[in-house]
Amino acid sequence: MRIGVDHYPEQWDRSLWEKDAELMAKTGVRVVRIGEFAWSKLEPRDGEFDFEWLDEVIAIFERFSIGVVMCAPTNCPPLWFYKAHPEAVQVGPDGVRIQTGIRGHRCINSPIFLAYAKRITEQLIRRYAGRKIIIAWQLDNELEAYPCTCEVCKDKFRSWLSDRYDNIEAVNKAFGNSVWSLGYSDFCEVEPPTAYPKAWQNPALCMDWYRFINDCLYSYIKELSIVIRKEDPKVPLTTNTWLCENAPDFYKLFDNLDFVSYDNYPALTIPKDPEEFYSHAFHLDLMRGVKEQSFWVMEQLSGATGSWTPMSPTPRPGMIMGYGLQAIAHGADTVVHFRWRTAVSGAEMHWHGLIDHSNVPGRRFFEFSELCKTVSKLKVLENTQMISEIAILYSPENDQAFKIQPQTEGFYYLEQLKYFHAAFTRYGANIDVVSPESDLSRYKLVVAPTMYIGDKKASENIYRYVIQGGTLVLTNRSGVKDENNNCVMDTLPASYKELIGAEISEYDPIGAQEQTIRDFAGNEFVCRQWCDILQPTTARAYAEYNDNFYRCCPAVTMNRYCGGVAYYVGTVCKSDFYESFASNLMKQTGIPRLKGLPRGVEVTTRTNGLDDFIFFFNNSDAHVTIPLPKPMYSIIDSVGKDKLELGPFEVDIVRK
Ligand code: GLA
Ligand code: ZN
């Protein structure tokens, strides 16, 4: 377990370099990420390289035994490059070339850009290959599935389509181009989706465009990784990612990399509704699930955020420590804080680091220093992992499909996953968030929210899981589309009908309007957004609607299928329903529940096979007391405890 910082020595006077490293070492910083945007300092003129300053920086960190994450600075080509090769600048969906002077505006498909990106990466790796102090490499920065519509990208998309489909007629068929006279007579007529609202575009075209962009990101990462691995085959490679509007297909993005890195900026405004807090935990679980292994946080919240948005509140006392440990509680092994010191120039000068502009260490820095000390006591957690009995399936294509075609007011894909995640979190369970194609046989309970886009492998995997005795929860908007993002001509949930033992005779997208359902035990819950009116064939009702013309029709069903059980939730409820449902599901599948946890407290377990280490994180601004079933040893305070007293955002870790 290590704590680190992101640092940009090229942005500071040389006189600070050594002092910074010295203070880092004294504070307990064990990792520093450098070089991320430093291309123009490393190659001030075309083909003229200057590595001396970087040699010095690396030598300083080497002296202080601080491991270095070296970045391939390909996010930011120097301006001389753009001047000489203006065709390598991205073109937006509006067809207009982006103006330079910000960052990240290179087209990753541009052959000339790629040649320069590979050259700077090759120069760097040749110079530093085999240096023990370099513990990992980061490629580029926050690659998004952002569409470039330059001529190179358009041509590449056309040949991507011609590889995927035999001929243009097959494309027309796949896209359903008989609508609105959109039929192509030749591949050269294909244009990417434009800047018009997505609602006006062909959803099948949009989905293939998204797939194409992900394939481009994949090959870009692959090209850069080949350059590095050729010189230094063993050094671990990553890229840093985040959950943005243009979220890439994380599974594909990291397929060729050694570990996942996540940029973690939990919201700093404490929501009135405490359930919202759980979303950081969900994001962390999602990141652990991308490669189903421990991950890094490559950028961690350190101060008030803001630059392109108004500034957020500053982290409250406890948050720097709490959120750092929360990441470890969910499977992070290294947490790197963004950034050591707040920039005094450039667009990001109000995105605060650990140390403020004054360079006088203050409250946040001292808390960070405590975090470093605490984490240094966590050696016992080396080689521990998280084992979960519950999985929630996350599919980037389903996520994208709902961005292309929002369903109804309030209905967001990730929220559909978070409702369940938050409910299981109330009972202290470890939760995996994994791909629908993952090995499900290891779980007692699998939730497959809105399996919207046709995916044969995923549905076969889900059927197999239930046939082999698993308990599955499927939800509304499943089986709706084929793999081209077109509607299927079948009664919903189409391919899943047999599994859930019910059919949907009609649906009602009620949006923000609220209605109620009643479960088998007579409990009432609010429902909203969506109502599937279910007709069971072999299923039994778990809950029924109370209102509207479908009063008394099933809203939630349960079906025994081969060796397993398949539930179907045809509506969207609030936390009370999900908590009650989760409790019943866990009871039936024999998953232990921790009852009576104060709201906001998250409990996760890391294990090494012999010992279990249980994290209790109070993700709230209240003081809480948690009774323990038997006295346990706290590895934070090195004492036995029979109850835990946690202040705001405080974490304790006990050995079971
Ligand atoms: C992102 C980027 C960083 C920085 C931070 C905060 O996460 O990766 O380079 O811009 O946002 O501004
Ligand atoms: Zn392009």
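This is a guided tour of a predicted model, stop by stop.

Local features are taken at pLDDT of at least 70 and side-chain atom pairs at pLDDT 80 or more, while totals for chains, interfaces and linings use all residues. Residues count from 1 along each chain as its sequence is written, chains are lettered from A and ligands numbered from 1 in the order in which they are written, and side-chain values use heavy atoms, without hydrogens and water.

**Stop 1: ligand 1**

Select ligand 1. Around it stand 13 residues, and the closest are R103, N141, E142, E299 and E348. Here a residue is near the ligand if one of its heavy atoms lies within 4 Å of it. Show the side chains of R103, N141 and E142. A polar atom of the E142 side chain sits 2.5 Å from a ligand oxygen atom. For N141 the corresponding distance is 2.7 Å. For R103 it is 2.9 Å. How much of ligand 1 does the protein bury? Taken alone, the ligand exposes 300 Å², and the protein buries 97% of that. Areas come from the Shrake-Rupley method with a 1.4 Å probe; for residues, only the protein chains shown count as cover.

**Stop 2: D6**

Go to D6, in strand 1 (residues 2-6). Helices (H or I, at least four residues) and strands (E, at least two) are DSSP runs, numbered from the N terminus. Is D6 buried or exposed? D6 counts as buried because its relative accessibility is 1%. Buried means under 20% relative accessible area, exposed over 50%, and partly exposed in between (1.4 Å probe, protein chains only). The side chains of D6 and R33 make a polar contact of 2.8 Å. Such a contact is a pair of N or O atoms within 3.5 Å; within protein, one must be able to donate a hydrogen and the other to accept it, and residues adjacent in sequence count only if both atoms are side-chain atoms.

Leaving aside neighbours within four places in sequence, D6 is in contact with residues including E299, F338 and R339. Contact means heavy atoms within 4.5 Å. Now check the peptide bond from F338 to R339: it is cis, with omega near 0°. R339 lies in the loop between strand 9 (332-337) and helix 12 (363-376).

**Stop 3: the cores**

Select L54, F368, F424, I517 and F577. These have the most contacts inside the largest nonpolar core, which has 193 residues. Which helix gives the most to this core? Helix 8 (residues 203-231) does, with 15 residues. A nonpolar core is a set of buried Ala, Val, Leu, Ile, Met, Phe, Trp, Tyr and Cys residues joined through side-chain atoms within 4.5 Å.

Zoom in on L54. Beyond its neighbours within four places in sequence, L54 contacts I34, L42, M70, L124 and Y128. Then select L597, F616, V624 and L646. They belong to a second, separate core of 12 residues.

**Stop 4: helix 13**

Select residues 396-404. This is helix 13, largely enclosed by the rest of the structure because 7 of its 9 residues are buried. The buried ones are P396, N398, D399, Q400, A401, F402 and I404. They pack against helix 8, helix 9 (250-253) and helix 14 (413-425).

**Stop 5**

Select residues 502-519 and 524-536. These are strand 14 and strand 15, paired in the antiparallel sense over 11 bridges. Two strands pair if DSSP finds at least two bridges between them. D508 stands opposite C531 in strand 15. The two strands form a hairpin with 4 residues between them, and G522 in the turn has a positive phi of about 90°.

**Stop 6: the loop at N476**

N476 lies in the loop between strand 13 (471-475) and helix 16 (497-500). Its relative accessible area is 1%, so N476 is buried. The N476 side chain reaches the backbone oxygen of T571 at 3.3 Å. Its touching residues, not counting those up to four places away in sequence, include F411, W530 and Y568. P493 is placed in the loop between strand 13 and helix 16. The peptide bond from L492 to P493 is cis, with omega near 0°.

**Stop 7: two positive phi values**

W180, in the loop between helix 7 (168-175) and helix 8, has phi near 60°, a positive value in a residue other than glycine. At 60% relative accessibility, W180 is exposed. N548 is in the loop between strand 16 and strand 17 (554-561), and its phi is near 70°. N548 is partly exposed, at 37% relative accessible area.
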